Amino acid sequence: MPEPETIVAIRNLSKVYSQGEIQVTALNNISLDIARGEFLTLMGPSGSGKSTLLHIIAGIDRPTSGECRVQGVNVTQLNESELADWRNQNVGFVFQTFNLIPVLTAFENVELPLLLTKLSRKQRQQLVSTALEIVGLADRSHHLPRQLSGGQEQRVAIARALVTDPSLVVADEPTGNLDSHSAQEVLTVLQSLSRTANKTVIMVTHDPKAAAYGSRSIHLEKGELSN
Amino acid sequence: MSIGTFIIKNALRNKRRATLSILSVAVSLFLLVFLLVTLRELTLPPEDVGAALRVAVRNKISIANLLPAKQLPAIERVPGVEAVTPFTWYGGRYQNEEGMTFAQFAMDARKLRSVFGEAKMSQPEYEAFETIKDSCIIGKVTAEKYKLKIGDRLTLDSTVYPCTLTFRIVGIYAGTTDDRNMLFHQEYLDDACDNAGWVGMWWLRVSTPDDMPRVIAAVNKAFENTSAEVRAESERAFQLSFISMLGNVRVLIGSISSVVVFTLILVSASTMSMAVRERFRELAILKAIGFRRRELFAFILAESFGLAMAGLLLGAGGAWLLFTNGKIFAAICFGITAIIVGSSVMTIVRRHYSSGVTGLLVAALVARIGLWAFQNPTISKMTNGFFITFEVTPKIVGIAAIVAAGLGIISSIAPAFSVARMSVVSGLKTLD
């Protein structure tokens, strides 16, 4: 069986926050490899550094030291503008509070990342429709977020994360605001992304039941990997 | 969806705030345009050819001080002077009208054509005016306003002289920049009001524009160290000094305009800051999914600019329409009233009583403005004849557009910088 391709390679990664004279270590010398198609769950108590690690991998935060390579690109070395382009092409985000734009329909919310590309209107429409079909919301495309349930909103957020066909999908407590039924639907979608579309999904969660959907789970404790 | 649609949807997400913002910009720009047009009209230099050749001579102490009639020969002798006429303000009150009506001046009727050649009448009217001592001529605007015609008798109580004069209208002139005045014989005033020997001021016509500086200097010098020193000046300089007697109008209007613009900037900047701050989280999401600082800056700038431009369209456009065609303005007001009434009734039906009643009150206000514009469709009627023209010139619209554009840019700077500085992570932590 061939060795799975490493998509994320983290070496000696540390993050220290300065709060006046006090220094808080959020991540301490983390090294980690994540394979393509893996559904990795990051678990740990509050303040353990799991969200910080996720943010650094996704290129929305910078480490104090160490290296984070995603598909061979050292994201810690990119400038703001390069990072923005890189995120648009390589990362899909799913957040706990959905974070859809309230004045845009589900379709328009999903289309948003594509506005930065050179795709034609027709091509964009096709990609958005496909993404909404994957999450099972093709029939809700013209609904505003307030007309959708929490689970549906989160599935729209997943469609928005998928629409640019990123290699990496990061999800920060995506089921934190959902009832168990909706949470199950969302986790199933994320799992299928990993299994059928070979996307690498990294999910932060407190919930062991949610973590069970992943192919691998790692725990952080006080900024360090605990096992 | 295009980027433009996205910006418009964002700008209009809070419709009430967007409407109020646009209206605050519109009302302020309307006021600014009104002030600028007022200033222009008050200080407008005379544009007719005659004005370039006319010199006004008044008492150096004050325009209210009379000049001795015996100065006339000395002025006539000044090289370059073609014609001279006295010009004495009568201060008559028409019927029982209070406030400003129209001005009446006594002059030498035979000098009308040479000094005020742009006041056009038919030949019989000129001749009648020159020969009949108690005759008068009136401007077309005044004739229309008071429905006066040739042959009518006109009795005016003077507020300056202790007399009441009755005039016979023999001509109605037109063609000056201000066809409102009434002109009559100085001789009639002198005899009827026992005023012999005094005139209000002199108006003279010089041969060529090149003669003007020399004539002004010579006339001023001719009466130096006499009991009635004079101040001679060009018509434009005279008008400006006349206006300045109202106070420093330019500074006053400039100050009010500056306050309007400054207040407008504060209001817009505060609105934009609020609008951006309450969607910090969304902007952080946009950053996360790949929008760059300059794109977010462009969004905020476009939104702010768009609101300011909508205000410009309403404010400056409304001013232009109101001052040039009051009936169309009125029709638009009535249209808006109908829309507001319709939506307010629907609001009340949906049991949102306070919003519905507020809407009806706004509709009543708009309808009242429309009615007023309909009843006073010209600036002359709106200002009771104070202004004849009230032109919203391209330059004034340009100034309003520059103010609006500056407003859009300035009010977007602070929120745009705070968004640029914001990290995605801190933006995501912002509470909704």
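In the predicted model, 18 residues of chain B are in contact with 21 residues of chain A, two residues being in contact if their C-beta atoms, placed from the backbone, lie within 7 Å. On the side of chain B that touches chain A, at least two residues each are supplied by helix H1 (3–11), helix H11 (280–288) and helix H17 (424–428) of chain B. The most come from H11(B), with 5 residues. By class, this side of chain B has 9 nonpolar, 2 polar and 7 charged residues; Ala, Val, Leu, Ile, Met, Phe, Trp, Tyr, Cys and Pro count as nonpolar, Asp, Glu, Lys and Arg as charged, and the others, Gly among them, as polar.

Residues are numbered from 1 along each chain as its sequence is written, and chains are lettered from A in the order in which they are written. Local features need pLDDT of at least 70 and side-chain atom pairs count only at pLDDT 80 or more, whereas totals for chains, interfaces and linings use all residues.

Chain A contains 7 helices and 10 strands, defined as DSSP runs numbered from the N terminus (helices H or I, at least four residues; strands E, at least two). The radius of gyration of chain A is 17 Å, close to the 17 Å given by the globule rule for 227 residues, so chain A is as compact as a globular protein of that length. This radius is taken over C-alpha atoms, and the globule rule is 2.2 Å times the number of residues to the power 0.38. Of the 227 residues in chain A, 49% are buried, that is, 20 or more other C-beta atoms, placed from the backbone, lie within 10 Å of their own.

Chain B has 17 helices and 12 strands. Its radius of gyration is 30 Å, while a compact globule of 432 residues would have one near 22 Å. The C-alpha trace of chain B spans about 90 × 50 × 35 Å along its principal axes. An automatic or database domain assignment divides chain B into domain 1 (3–44 + 248–424) and domain 2 (66–227). The centres of the two domains, taken over C-alpha atoms, are separated by 47 Å. Buried residues account for 36% of the 432 residues of chain B.

Within chain B, helix H2 (residues 15–43) packs with helix H16 (residues 394–421) at an angle of about 145°, their axes 10 Å apart. Axes are lines fitted to C-alpha atoms, for helices over the stretch in contact, and angles run from 0 to 180 degrees between N-to-C directions. Residues of H2(B) including B:Leu29, B:Val33 and B:Arg40 meet residues of H16(B), among them B:Ile399 and B:Val403. The contact of H2(B) with H16(B) has 12 nonpolar, no polar and 1 charged residues.

Note on methods. Buried ≥ 20, exposed ≤ 12 C-beta atoms within 10 Å, placed from the backbone.
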